[in-house]
Amino acid sequence: MITCAEAVRQLWDYLDGNVEESQRELVEEHLAFCRRCCGELEFAEELRGFLASHAENDLPPDVHARLTATLDELSGA
Amino acid sequence: MHVQTLGGAAPLRVGTDAITPCRATSLRDSGVVRADASPDSERATADRFKALVERELPRLYGLARRLAGDDAEDIVQEALLRGYRGFSQLANENAGSEWLTSIVVNCCRDHWRRQGRRVEEVELDEADDFSLFRRIADEDPFPYSDSVHVDFLHQFGSEDVRAVLASLPELYRLPLVLVHMTGYQVKEVAYLLDAPLGTVLARLHRARKLFERELWTYAELHGLLKEGAQR
């Protein structure tokens, strides 16, 4: 049996599939009875989605023009 | 020259020699551009490089923005110079996207080194046990709301997120951005950074916790907390 603190420390790695099988079972055993850590797990998933949703690739037109000019000169266009 | 591979497919790291960022008007004079390069094969190679970069440019710039903030343009420009020099050595052009990503990452790391940044491990402290989930719940003026955690995150715009990322030490920002905002697997980041898998996992764990803590700090400082949740 692991404590809440131990479970919380492993939740992200658990979501990423980066915990060993024995640890995964311990985390799941803990989640089966700990409502608060289930909330922590759901929030960790929210945070992962939050990070991914802010991974925009906006390229301002002026920056695009300057970088394209560099590329044109490098490639001899 | 130091060469790594990602999944054994493509050279990931071209020369790490510092190249002074320079504007387009000086490239030919500097000798970076081969003024006498005229054979068809070189023309075709240059065209393929250009086509690859044109496809990848928004993504590369977005990555550089998340890693290096306002220095992103200089980073990408330097990456283009390095990429152009190393493109003919790229064994598998299908891996060109990952190859360019690795060049941008290496340009960022060299940029930080040139700035004299020491990338140090953060001491194990309360950050490791910080829980944004608990903090939001503890400070929530409306404790019976089901959406308080999601509401908290919705307060942040992209500029806010970039500012929070910028507050993280580079050592931690790098794996966080690569894994959670670029889609790399942890083992790919380990290859890319030439670091042991366990080290990257530990830094990623610390990075998430620091990010949680800095989100809360930023929300406090910038008035993003609901009235009553501010100290």
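**Notes on chains A and B**

1. Of the 231 residues in chain B, 38% are buried, a residue being buried if 20 or more other C-beta atoms, placed from the backbone, lie within 10 Å of its own. This is a predicted model, in which local features need pLDDT of at least 70 and side-chain atom pairs count only at pLDDT 80 or more, while totals for chains, interfaces and linings use all residues. Residues are numbered from 1 along each chain as its sequence is written, and chains are lettered from A in the order in which they are written.

2. Chain B contains two strands and 10 helices. Helices are DSSP runs of H or I with at least four residues, strands are runs of E with at least two, and both are numbered from the N terminus. Along the sequence the order is β-β-α-α-α-α-α-α-α-α-α-α.

3. Two residues are in contact if their C-beta atoms, placed from the backbone, lie within 7 Å. Among the contacts in chain B with a separation of 6 or more, 71% are between residues 24 or more positions apart.

4. Helix α3 of chain B covers residues 72–86, which is 15 residues. From first C-alpha to last it reaches 21 Å, close to the 21 Å expected at 1.5 Å a residue; the expected span is 1.5 Å times one less than the number of residues. α3(B) is mostly covered, with 12 of its 15 residues buried. Among the buried residues of α3(B) are I75(B), V76(B), L80(B) and L81(B), and also E73(B), E78(B) and R82(B).

5. Between them, 10 residues of domain 1 are in contact with 12 residues of domain 2. On the domain 1 side, α2 (40–68) and α4 (96–114) of chain B each supply at least two residues, and α2(B) gives the most, with four. That side divides into six nonpolar, two polar and two charged residues. Here Ala, Val, Leu, Ile, Met, Phe, Trp, Tyr, Cys and Pro count as nonpolar, Asp, Glu, Lys and Arg as charged, and the others, Gly among them, as polar.

6. Which elements of chain A give two or more residues to the side that touches chain B? In total, 32 residues of chain A are in contact with 35 residues of chain B. The elements are α1 (4–16), α3 (35–53) and α4 (61–74) of chain A, and α4(A) gives the most, with nine residues. By class, the chain A side has 15 nonpolar, eight polar and nine charged residues.
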